[in-house]
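Hi,

Here is the structure I promised to pass on. Have a look at it first, then read my notes below.

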Amino acid sequence: MIPTLEKGLWDAKVSVNAMLVTNPHNPLGRCYSKENLIEIMQFCQRHNLHLISDEVFALSEHGCDDLPKPRKFTSAMAIDAVAHGCDPSKVHVIWSMSKDLGATGARLGCVVTRNKDVRDSIAVVTHIGVSKLSQTRDDEKVAVAFYQNAGILFFSAAKYHMPPDFKGWMRISLAVEPEKLDVALDRLKVAYQTQMVRGLSTSTAMF
């Protein structure tokens, strides 16, 4: 693997600043071994590259008749980068609810990083980004009220001066410290459970 990566980097026609791996692989579902990941980390370290590990299928491990002993998943964050001569601030993991939990409508993604500059940059980007969780301005108002009543910081498209045809676009900002994120997720859980107990349509809450 490494000779191929070295050649690819050498032949690159543009500046390369990071390497992205999908682990488990999509669509094959194979997992990189711990040894593979360490080699990739060391490759990135030698060339001053950031390593981004896309682990959106991390929780989706299943048996297979064709692979009686499939390789177990290992997260890049589970490896002691320092012990292998690598800078942990250049190793980042991304995950979302869309694949493992089949919750594409939730529009919730996570970036796990030890790099303050990367974290702060992501906070700025996510703060000004928008996601479509509803279809009309009226739906948008209902969704905003739902999340605000649950104590979640929530922004509608109107807050970002979006054009009139951008109906129902909004963003939950979760670029905060882990402790605050835990509080926010607990509030969301309570709000969703309350919604289900009341027997209201999920569309009322713009899921």
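The mean pLDDT of the protein chain is 79, and 75% of the residues reach 70 or more. Where pLDDT is low, predicted coordinates should not be read in detail.

Four strands make up an open sheet in the order 1-2-3-4, and the pairing is mixed. Strand 1 (18–22) and strand 4 (109–113) sit at the edges with a single partner strand each, so one side of each has no neighbour in the sheet. From one strand to the next, the twist averages 20°. Strand 3 (residues 91–96) runs antiparallel to strand 4, and five bridges pair them.

In that pairing, Ile 94 is opposite Val 111. Val 111 belongs to strand 4 and is partly exposed, at a relative accessible area of 39%. Leaving out neighbours within four places in sequence, Val 111 is in contact with Val 93, Ile 94 and Ile 122. Ile 122 is 11 residues from Val 111 in sequence, and their C-alpha atoms are 8.4 Å apart.

On to the packing. The largest nonpolar core has 17 residues, and those with the most contacts inside it are Met 19, Ile 40, Met 41, Phe 43, Cys 44 and Leu 51. Strand 1, helix 2 (34–46) and strand 3 are the elements that give two or more residues to this core. Helix 2 provides the largest share, six residues.

Next, a polar residue in a buried spot. Asn 23 is in the loop between strand 1 and helix 2, and its relative accessible area is 0%, so it counts as buried. What does its side chain meet? A polar atom of the Asn 23 side chain lies 2.9 Å from the backbone nitrogen of Tyr 32, and a polar atom of that side chain lies 3.0 Å from the backbone oxygen of Thr 74. Not counting residues up to four places away in sequence, the residues that Asn 23 touches include Arg 30, Cys 31, Leu 37, Ser 53, Asp 54, Glu 55 and Phe 73.

The backbone is worth a look there too. Asn 23 and Pro 24 are joined by a cis peptide bond, with omega at about 0°. Pro 24 is also in the loop between strand 1 and helix 2.

Asn 48 is in the loop between helix 2 and strand 2 (50–54). With a relative accessible area of 52%, Asn 48 is exposed, whereas Asn 23 is buried.

Cheers

How values were computed: Residues are numbered from 1 along each chain as its sequence is written. This is a predicted model: local features need pLDDT of at least 70, side-chain atom pairs count only at pLDDT 80 or more; totals for chains, interfaces and linings use all residues. Side-chain values use heavy atoms; hydrogens and water are left out. Two strands pair if DSSP finds at least two bridges between them. Axes are lines fitted to C-alpha atoms, for helices over the stretch in contact, and angles run from 0 to 180 degrees between N-to-C directions. A nonpolar core is a set of buried Ala, Val, Leu, Ile, Met, Phe, Trp, Tyr and Cys residues joined through side-chain atoms within 4.5 Å. Buried means under 20% relative accessible area, exposed over 50%, partly exposed in between (1.4 Å probe, protein chains only). pLDDT is the predictor's confidence in each residue, from 0 to 100. A polar contact is a pair of N or O atoms within 3.5 Å; within protein, one must be able to donate a hydrogen and the other to accept it, and residues adjacent in sequence count only if both atoms are side-chain atoms. Contact means heavy atoms within 4.5 Å.
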